[in-house]
Amino acid sequence: MRSNARMRELLRATGVSGLGHHDIPPLFRDVAERGWSVTAAGGRVLNGLRPETPGRYVDRLSEETTVNGRGMTDYDLPAAPHERTPLLVRRCLAYVCACLRKAREQFGDSRVRAYVSLSYADTDEGLLTSNVTFCTPLADVRPYIPGLEQVRDAAVAEISAEDCRAWW
């Protein structure tokens, strides 16, 4: 797993062993269970997030990250950071692992990567929020998060199916 210092801090402070389907909100659990498909342009996308009408994208990276990207459900989590943070981190990681496991089963490889970012909302409450997306790195396309290790304004990680073996 590649991550920045802020993500490593969050992971050290959060118990992430024993992740499972019970950590994933129902809507996201359904998305993971519905699996993956390949678009006409060759993009790997989650079936549960695929739009009915195909969009127009600059490249496969933008197609995959746009279709596959979502903010993780957090409206039901407590506002207190010491309670909220570990629950949100576990949700994101469990969802990521379920989706990456399904991608490996369906595509027969581990090329799909998950990207998790956690940052504080620009609201009066300033709650920790998160975003998760998936894409397949390509040699001829810029990375989804260039300089990931140097990101300072959020906790970010790139996660592979192999990384999930330690948690799931």
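**Notes on the model**

1. The torsion about the S-S bond of C97 and C164 is about -90 degrees, so this disulfide is left-handed. The sulfur atoms of C97 and C164 lie 2.4 Å apart, where a disulfide is a pair of cysteine sulfur atoms within 2.5 Å. By this rule the count comes to one disulfide.

2. This is a predicted model: local features need pLDDT of at least 70, side-chain atom pairs count only at pLDDT 80 or more, and totals for chains, interfaces and linings use all residues. Residues are numbered from 1 along each chain as its sequence is written, and side-chain values use heavy atoms, with hydrogens and water left out.

3. Helices (H or I, at least four residues) and strands (E, at least two) are DSSP runs, numbered from the N terminus. Both C97 and C164 are buried (under 20% relative accessible area, with exposed over 50% and partly exposed in between; 1.4 Å probe, protein chains only).

4. C99 is in no disulfide; its nearest cysteine sulfur, that of C97, is 9.5 Å away. C99 is buried, at a relative accessible area of 0%.

5. Helix α2 (residues 26–34) has F28, V31 and A32 buried. Seen down the axis of α2, its buried residues fall within an arc of 95 degrees (taken from the directions from the helix axis to the C-beta atoms), so they line one face of the helix. The face turned away from that buried side carries the exposed residues P26 and L27.
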